[in-house]
Amino acid sequence: MSSDVILVIVVGTALAFDFTNGFHDTANVVATSISTGAARPHVAIALASLLNFAGAFISISVAATVANDVVNADVITPTIVFAGLIGAIAWNLITWSFGLPSSSSHALIGGVVGSAIAAAGFDAVIAEGLVGKVLIPALVAPVLAFAVAGLSIGLIYRVVGKQRPGTVTRGFKYGQIVSGGLLALAHGTNDAQKTMGVITLALIANGSLAAGADPPLWVIASAATAIALGTYSGGWRIIKTTGTRIIKMDTAQGFSSQGAGAAVILASTHFGFPLSTTHVINGGIMGAGAAKRFSAVRWGVAGNIVFAWVLTLPAAAAIGALAYGLTRVFGTSALGPVVVTLASLALIVAVFARRAERGAPVAASSG
Amino acid sequence: MTLATLVEGRELLETVAASVAAGLGVTFVFSVAIWGVARFADLSRNERPLAAAGAALAACLALVSTVGIVVVGIIAMTSK
């Protein structure tokens, strides 16, 4: 009974995390289309929401990686997964509060790894999976998106550079509707699956699923719905902030950055690499900007992203470990997760109230 | 345990190759489609119907190729 209560709390927390992931990442997916005028904000967000939902259904490779290849499912309990989620949500809130761009995906994996280590030591972590499927791809993917977008924009200028600007701009505006859609689909395939993976891990830990099992349909459907609803709710203030932070780009640059981002995310999803979609999309935008004019890119923003990337995994891991310790103060019953959930909710309300009092703008912080 | 055993080298390399091929492939064929449309407009204005028809054909073929690459790419990348 007690473990079932914890499981319900874990599923609820994971879906809440998924909703905020969609909410935050809307900006990353649609800001390029909106800033170049390729799509109206409401249309872009509705399309992104629909395609995020569809994307969540078309692959389970990333979910399998999160559920089976990062931490040892044999030593994981629903409480460990819960503490990991708390670590991820807390780190997202902290970075959001300070306006630091960070990755929800890395926060999620960091949180679960941290709580697993706190509970069962370093043996709980599968080093091959963590390094080979998370850390190395996390380094490679943004650089790859940067390079592909840079080469793409060079190719575009070579092919259509001497044509009338009006026709070219109109053409790439239409192209951006497709590339933006692809990016939303790719985002759904990678990001929604991380939540599916975490819920599946909790189900395995609870004995509700066999080790190595695929996510059940209700897990896929609920994760897809949560990320789609989050996307549709769209962080309008975040979109505005992201729109001003992104380089001033033309439609061809928008097309190449979105195309590069979608290609990298889809290819990584195929091999089950859970990426930070934020880093990939930003890498593509910077590549498209730098290929045209190196100084067009705000390299300070790039530096912040790298700084946040380095910090996210260990920080979320530390908070995840702390959350696990706090939960265990109340024993192994459901009381620990209930108390920590209530404390977390109180903290979230306090942070929002303080932000609202200050009237400070909301910064993009996602993954 | 060495770094080489930790890194999924082959899969990572295939990811890089697939990303470059898909990203550049779609960009190239879609650019050709836009080039075709722009040339068609110019050549039609200059009353060169045959050359304009050729540009229109190139645009159509490139557009169909774009859609084809996108569909095949999504199917290939999301099935395992």
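Helix packing and selected residues

I start with α3(A) and α7(A), which pack at an angle of about 40° with their axes 7 Å apart. The helices here are DSSP runs of H or I with at least four residues, strands are runs of E with at least two, and both are numbered from the N terminus. Axes are lines fitted to C-alpha atoms, for helices over the stretch in contact, and angles run from 0 to 180 degrees between N-to-C directions.

Before I go on, the basis. This is a predicted model, in which local features need pLDDT of at least 70 and side-chain atom pairs count only at pLDDT 80 or more, while totals for chains, interfaces and linings use all residues. Residues are numbered from 1 along each chain as its sequence is written, chains are lettered from A and ligands numbered from 1 in the order in which they are written, and side-chain values use heavy atoms, with hydrogens and water left out.

Back to the pair. α3(A) and α7(A) are therefore oblique to each other. On that scale, angles under 35 degrees count as roughly parallel, over 145 as roughly antiparallel, 65 to 115 as roughly perpendicular, and the rest as oblique. The crossing of α3(A) and α7(A) is right-handed. Handedness is left if the near helix is turned anticlockwise from the far one by less than a right angle, and right if clockwise.

Which residues of α3(A) meet α7(A)? They are A:Ser61, A:Val62, A:Ala63, A:Val66, A:Ala67 and A:Asn68. On the α7(A) side the list includes A:Asn190, A:Lys194, A:Met196, A:Leu201 and A:Ile204. Contact means heavy atoms within 4.5 Å. By class, the contact of α3(A) with α7(A) has 8 nonpolar, 6 polar and 1 charged residues. Ala, Val, Leu, Ile, Met, Phe, Trp, Tyr, Cys and Pro count as nonpolar, Asp, Glu, Lys and Arg as charged, and the others, Gly among them, as polar.

Helix α7 of chain A, residues 165-205, also packs with helix α10 of chain A, residues 251-270: the axes come within 8 Å and cross at roughly 25°. That makes α7(A) roughly parallel to α10(A). Their crossing is left-handed. The contact of α7(A) with α10(A) divides into 10 nonpolar, 15 polar and 1 charged residues.

α10(A) in turn packs with α2(B), at an angle of about 145° and with the axes 8 Å apart. The crossing of α10(A) and α2(B) is right-handed. From α10(A), the contact uses A:Phe255, A:Ala263, A:Val264, A:Ala267 and A:Ser268. From α2(B), the residues include B:Thr15, B:Ala18, B:Val26 and B:Phe30. The classes for α10(A) with α2(B) are 8 nonpolar, 5 polar and no charged.

Now chain B on its own. Its secondary structure comes to 3 helices and 0 strands, in the pattern α-α-α along the sequence. Of its 80 residues, 30% are buried; buried means under 20% relative accessible area, exposed over 50%, and partly exposed in between, with a 1.4 Å probe and protein chains only. Among contacts in chain B between residues at least 6 apart in sequence, 58% join residues at least 24 apart.

One residue in chain B has a positive phi without being glycine: B:Glu47, near 55°. B:Glu47 is in the loop between α2 (9-45) and α3 (49-78) of chain B. Is B:Glu47 buried or exposed? At 68% relative accessibility, B:Glu47 counts as exposed.

Next, two threonines in chain A. A:Thr312 is in helix α12, residues 299-329, and is buried at 0% relative accessible area. Its side chain makes a polar contact with the side chain of A:Trp91 at 3.1 Å. A polar contact is a pair of N or O atoms within 3.5 Å; within protein, one must be able to donate a hydrogen and the other to accept it, and residues adjacent in sequence count only if both atoms are side-chain atoms.

A:Thr231 is in helix α8, residues 217-233, and counts as buried at 1% relative accessibility. The side chain of A:Thr231 reaches the backbone oxygen of A:Ile227 at 2.6 Å.

Last, A:Val71, in the loop between α3 (61-68) and α4 (78-98) of chain A. A:Val71 is buried at 1% relative accessible area. Leaving aside neighbours within four places in sequence, its contacts include A:Ile76, A:Val112, A:Ile126 and A:Leu201.
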